[in-house]
Amino acid sequence: MTEIETLHILNKSPEHPRFARCLSVAGQNDAILLIENGVLGLQAASGRVAGKLVALAPDAAARGIESEPVESVDYGGMVALTTRAQQVISW
């Protein structure tokens, strides 16, 4: 049995319309993984997500962003998240 209903992989910055759309459709049993420019929205997304919020640590570090208190994962952790999800949607 999978732990995550839908894993939303979000690489858009907070100014992009898909960023807000992703946050609005993610459910309580979902997870949002912020990657690439998506990590720029860590503060904007924190507290607005019904489910789990995760950041890709190398992308946050490359942009000089602290991912705490949000959970962060490396590339192996990203792969592990995909295996725990029933479905994966890339934004």
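1. Read from the N terminus on, the elements of the protein chain follow the order β-α-β-α-β-α-β-α-β, which comprises 4 helices and 5 strands; helices (H or I, at least four residues) and strands (E, at least two) are DSSP runs, numbered from the N terminus.

2. This is a predicted model, in which local features need pLDDT of at least 70 and side-chain atom pairs count only at pLDDT 80 or more, while totals for chains, interfaces and linings use all residues. Residues are numbered from 1 along each chain as its sequence is written, and side-chain values use heavy atoms, with hydrogens and water left out.

3. The radius of gyration of the protein chain is 12 Å, which agrees with the value near 12 Å for a compact globule with 91 residues; the radius is taken over C-alpha atoms, and the globule rule is 2.2 Å times the number of residues to the power 0.38. Along the principal axes, the C-alpha atoms fill a box of roughly 35 × 25 × 20 Å.

4. Of the 91 residues in the protein chain, 41% are buried, where buried means under 20% relative accessible area, exposed over 50% and partly exposed in between (1.4 Å probe, protein chains only). Of the contacts (heavy atoms within 4.5 Å) with a separation of 6 or more, 52% are between residues 24 or more positions apart.

5. L81, found in helix α4 (residues 75-83), is buried, with a relative accessible area of 1%. Not counting residues up to four places away in sequence, L81 touches I4, L7, L33, V54 and V73; the C-alpha atoms of L81 and L33, 48 residues apart along the chain, are separated by 8.8 Å.
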